[in-house]
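Please read these notes with the structure open beside you. They take up the points one at a time.

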Amino acid sequence: MKEMDQYNFAYLDEQTKRMIRRALLKALAIPGYQVPFASREMPMPYGWGTGGVQVSAAVLTPEDCFKVIDQGADDTTNAVSIRKFFQRTAGVATTEHTEDASVIQTRHRIPEEPLKEGQILVYQVPIPEPLRFLEPRETETRKMHALEEYGLMHVKLYEDIARHGEIATAYAYPVKVEGRYVMDPSPIPKFDNPKMEMAALQLFGAGREQRIYAVPPYSRVVSLDFEDYPFDPSKAEHPCALCGAEHTYLDEVIVDDDGGRMFVCSDTDYCAARRAAGHRGAMAAPYEEEETAG
Amino acid sequence: MYVAVKGGERAIDNAHAWLAEERRGDPSVAELSVAQIRVQLALAVNRVMAEGSLYDPDLAALAIKQARGDLIEAIFLIRAYRTTLPRLGASRPVDTGAMRCDRRISATFKDAPGGQVLGPTFDYTHRLLDFKLAAEGELPQAETAQADPAPMPRITDYLNRDGLIQPEPAAEDTPPDLTREPLELPANRALRLQALARGDEGFVLSMAYSTQRGYGRNHPFVGELRVGAVTVEMDIPELGFAVEIGEVELTECETVNQFVGSKTEPPQFTRGYGLTFGHTERKAISMALVDRALRWQELGEDDTGAPAQDAEFVLYHADNIQASGFLEHIKLPHYVDFQSELELIRKIRAEASAAQAAADREAAE
């Protein structure tokens, strides 16, 4: 209780949380619509998850169990930093196990373990506007959403195919939510897009850009494509070198000076659980010792 | 190798400990006190207060010390602190016409009631390194004189009297506050001025400079620049009248801009306005120029496509805390996105080389 006394629960004052919750409710009522909110200056820099942190602060309760991942891993530096922030300011229980968490804040990944009803997935979003790199003006893009004018996006996807033979977007692949709003799923790899039709509640916070949006459980989330060029959630064609999984998103790690590389699950919790259950990848054995030491 | 990804927590703690040591520097050199920074690096303190949007010289000095002299980092510390403070109320608009000026100059009139007061300025100093400052020793006391008790009315009021300058009637509505409401466009002038007052000095300076070089030129003269103390008053509902609650140092710049008239406005002078915390005159003048450039619409001028005329461009990019945070976030791991790009490039290359090989085979046959 020592440090908690210096801050309100979860850092933000109650008025600010109320303002954020109102934005969240509006976002849930209009799935995929970007709700402007008066983002606060947080004690971490803009671009480092301030939107996600504010959303988490607004939804956390003392009974929650909190998990933070960055690039799928619980132990990347910024995930550690955000988890510590809420340990200090909210004193909530934290976990690395997807299954045990009630609120999961994420940057760039959706956990491999399917999420359940009652869980909340909070995304950190750098650029919430899916049309931003086609039209830099906010005044214009808001109009385009209002008029459901998404032709520009389809032209972009078409030009990709004309030029490269396929849609050249590998992450932050645009989706349409409940048949209405085109939405940026945050920079998750397109491999994760199909998971967005899930049982859990998905909340998106963009602090610097002052936007909140949401996808209610079981909403329809369709990755944009064409009939003759259907969406392809591809990934590296390797099994995980540690746990042998062939259905997970993999990180490529350079292991020696000759450019030798291995592929491992980006979701560290999922990979560890598989290894604990006895799954073994091609390179698992030599690393066992370090794992248990770490 | 997998261990390298682990241990983030210990790495962070160690990095912070090292940072604290670097901040202190060589322990055989005396430590700077916050008071020394506040008094002797006052212009740095002023900038941190202006862009941090918090008038507190002691906290600004502390932030500069904690940030090792990195002013944007110091501004960030102040902003993050400021946002946690409760709002007790709002002051009445300060009366800069009643400012007790340390400095007051006009470039448009040789003399005016209240006179020209140079004050403590770098203007007209020769920028020669003063090696005496490297040695220790007391400086001679500057000469002092009794302040002229005559009031110093605003220069633009004289032009206003003759109807030569576009009037600026007082508005009764509460100005918007971009620290409490999300920035939405179109932004009215009060909101634009608030954004500029908090904006990065370098950014606002460069925007202003670009107008001088022809990107949205607006022919400014410094009608008046004044630096000094004003009293802050607040209405106390229980009392039914306003009481003085303190004093702040401000810099105010009003530019007088040539204007030949437009479809909607007669030929007259127009204004740009800058107001900043502390003695921050480069910022205040820059702000006035950019303010004037952003007023093209209300004055019926043409949009020449200049960056400084583009409110969305200027307002969305003026804040150095937003900009530096987003810029520096690319230091964070991005290997998931990068991996997906790698896969895509490999796939496209494989397809392209397969197509090329097929074409070569066909040509050979």
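1. Chain B of this predicted model is assigned two domains. Domain 1 covers residues 9-82, while domain 2 is made of two pieces, 96-120 and 150-324.

2. How far apart do the C-alpha centres of domain 1 and domain 2 of chain B lie? The distance between these centres is 29 Å. The two domains of chain B also touch: 13 residues of domain 1 are in contact with 15 residues of domain 2.

3. On the domain 1 side of this contact in chain B, two elements give two or more residues each, namely helix H4 (42-52) and helix H6 (71-82). H4(B) provides the largest share, seven residues. By residue type, this side of domain 1 of chain B has eight nonpolar, two polar and three charged residues.

4. Chain B also holds an open sheet of four strands. The strand order is S1-S2-S3-S4, and the pairing is antiparallel. Which strands of chain B stand at the edges? They are S1 (100-105) and S4 (270-277). Each of these has a single partner strand, so one side of S1(B) and one side of S4(B) have no neighbour in the sheet. On average, and with direction ignored, neighbouring strands of this sheet are turned by 25 degrees against each other.

5. Look next at the pairing of S1(B) with strand S2 (residues 220-236) of chain B. These two strands run antiparallel and are joined by five bridges. One residue pair to find in the structure is B:Cys101 and its bridge partner in S2(B), B:Gly228.

6. The last point is the contact between the chains. How many residues does each chain bring to the contact? Chain A gives 48 residues and chain B gives 39 residues. On the side of chain A that touches chain B, helix H3 (77-89), helix H4 (138-146) and strand S11 (250-254) of chain A each supply at least two residues.

Definitions and conventions: Residues are numbered from 1 along each chain as its sequence is written. Chains are lettered from A and ligands numbered from 1 in the order in which they are written. This is a predicted model: local features need pLDDT of at least 70, side-chain atom pairs count only at pLDDT 80 or more; totals for chains, interfaces and linings use all residues. Two strands pair if DSSP finds at least two bridges between them. Axes are lines fitted to C-alpha atoms, for helices over the stretch in contact, and angles run from 0 to 180 degrees between N-to-C directions. Two residues are in contact if their C-beta atoms, placed from the backbone, lie within 7 Å. Domain bounds come from an automatic or database domain assignment. Ala, Val, Leu, Ile, Met, Phe, Trp, Tyr, Cys and Pro count as nonpolar, Asp, Glu, Lys and Arg as charged, and the others, Gly among them, as polar.
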